[in-house]
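Subject: Two-chain model, handover and findings

Hello,

My notes on the contacts follow below it.

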Amino acid sequence: MALEDTRRLGCGRSIDQIWAGMDQPPTSHEEDCELCQAAKARMQKIKEATVALRESDLHNPEMTLPAERTNSIMALARAEARRSKRLVLRGTEYGTVEISEQALSSLIRLAAAAIPGIHSRRCRIEVQSDAEMGSTHLTINLRVATASGIDIPATVEGLRQKINKAIPAGVGIDAGTVNITVEDLYDV
Amino acid sequence: MNDSNPACDADTDEGSIVARAQDGDLAAFEHLVHTYQDRLFRLAYRMLNDRTDAEDVVQETLTASWRALPMLSDVKAFGGWIYRLATNKCLDLLRKRSARAETITDPAEIHSTLDDGATRAPLEADPVASAEWAAQQDGLTTVLNTLPAVQRACWLLREIHGRSYAEIGVTLKINPTTVRGTLARARRRIAEGMSQWR
Ligand SMILES: [Zn+2]
């Protein structure tokens, strides 16, 4: 079979070009060019079989990962869950109040989820405690993606206010320093 | 544990979900598992022609991704990265199969591991194998299984999974021009094979 992909047809078109245009209607050149038409016809069978295979695999319920495999993956992920940092929020003479970084970042993500146009990403929290003063200062470093086309400064300010309310409401201390970095835009 | 966190409503962009999974968020990771597990299974099954091997590859790939996620620097690269992990696990397995074939003396076993092992007969109990008999009538899957492993990977990644030339090049450690050449060779062999089948 004379499918010489590196070579061009007599009309100058390459096989790769024709293959790339298989699922598009013929160009005005192809409508008049017998060489292109013949090449297209030869490859039509491969294209159709490929599309048929893609579609039948996609819709074949057997062509999926069994649930017990998914469960094993998630069980292992849970078992190896990255140990979350414990943040000491308050030390008193009777004991300490601790919270996991993940629980605190969940609060922050919830706050972010309430703001349209913001998707929270990585979140790092540091605590500076002053034992003598009995005070705790949080530094929250949150990275976000914002919807393209929104007013970024206003939206980020709205998020900061939301976090400033959510932390005291959730754990009873001030949010402290809230650093928000917009690292990406996502398409709506 | 924060499985209940608002990680993953349908419209959250994948980059954000990946970033949360990097932070150890299990709900976000589970979302990624559900997004990719069946695609990877379809790829692995067509590469390996063996249901159990394909399931193993997908499970190992996704498990490895959980461990390595924090090292991924570009959250938008997750899709390409996970396809790369899975493809290379398939190629490794096929290499092992053919290495095994060289040391096997039983002719029946040799037959079953020829051609990178891809043509070994599926088990009769394999539901995928019987369900696909109709699809096989056009000969494409049969011909695919006679292709060298890298050509088959190229074809599946590009024509079935729609991955980019650049990404396939990175996956197979070849440049995008070579990807095009490899696809062209695969296409020629498929054309030849399918015309014989008819
Ligand atoms: Zn032409």
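Which side chains meet in a salt bridge at 2.7 Å, N to O? They are those of A:Asp57 and B:Arg46. A salt bridge here is a side-chain nitrogen of Lys or Arg within 4 Å of a carboxyl oxygen of Asp or Glu. The pair crosses between chains: A:Asp57 sits in helix H3 (residues 34-59) of chain A, and B:Arg46 sits in helix H2 (residues 26-48) of chain B. Both residues, A:Asp57 and B:Arg46, are buried. Buried means under 20% relative accessible area, exposed means over 50%, and partly exposed is in between (1.4 Å probe, protein chains only). Helices (H or I, at least four residues) and strands (E, at least two) are DSSP runs, numbered from the N terminus.

Ground rules first. This is a predicted model, in which local features need pLDDT of at least 70, side-chain atom pairs count only at pLDDT 80 or more, and totals for chains, interfaces and linings use all residues. Residues are numbered from 1 along each chain as its sequence is written, chains are lettered from A and ligands numbered from 1 in the order in which they are written, and side-chain values use heavy atoms, with hydrogens and water left out.

Salt bridges

Side chains of opposite charge can pair when their charged atoms come close. The whole structure holds 20 salt bridges over all chains. Between chain A and chain B the count is 11. One more pair to look at is A:Arg124 with B:Asp23, at 3.5 Å, N to O.

Within chain A, A:Asp184 bridges to A:Arg121, with the closest N and O atoms 3.0 Å apart. A:Asp184 lies in strand E5 (residues 177-186) and A:Arg121 in strand E3 (residues 118-130), so the pair ties together parts that are 63 residues apart in sequence. A:Asp184 is buried at 14% relative accessibility. A:Arg121 is buried too, at 1%.

A:Arg143 and A:Glu183 form another salt bridge, their closest N and O atoms being 3.2 Å apart. This pair also links distant parts of the chain: A:Arg143 is in strand E4 (residues 135-147) of chain A, A:Glu183 is in strand E5, and they are 40 residues apart. Shared partners join A:Arg121, A:Arg143, A:Glu183, A:Asp184, B:Asp13 and B:Lys76 into one network of salt bridges.

The interface

The size of an interface is often given as the accessible area lost when the parts come together. For chain A and chain B the buried area is about 5200 Å², and carbon and sulfur atoms give 56% of it. Buried area is the accessible area (1.4 Å probe) that two parts lose on being put together, summed over both. The contact takes 50 residues from chain A and 63 residues from chain B. Contact means heavy atoms within 4.5 Å.

Across the interface there are 24 residue pairs in polar contact, both residues at pLDDT 80 or more. A polar contact is a pair of N or O atoms within 3.5 Å; within protein, one must be able to donate a hydrogen and the other to accept it, and residues adjacent in sequence count only if both atoms are side-chain atoms. On the side of chain A that touches chain B, the elements giving two or more residues are helix H1 (15-20), H3, helix H4 (67-79), helix H5 (101-113), E3 and E5. H3 of chain A gives the most, with 11 residues.

A:Thr50 is in that helix, H3 of chain A. A:Thr50 is buried, at 1% relative accessible area. Leaving out residues up to four places away in sequence, A:Thr50 touches B:Leu140, B:Trp155, B:Glu159 and B:Ile160.

Chain B

Chain B has 11 helices and 0 strands. Of its 198 residues, 56% are buried. Take B:Glu55, in helix H3 (residues 51-68) of chain B. B:Glu55 counts as buried at 10% relative accessibility. Beyond neighbours within four places in sequence, B:Glu55 is in contact with A:Leu65, A:Pro66, A:Arg69 and B:Phe41. A polar contact of 2.8 Å joins the side chains of B:Glu55 and B:Arg51.

Best regards
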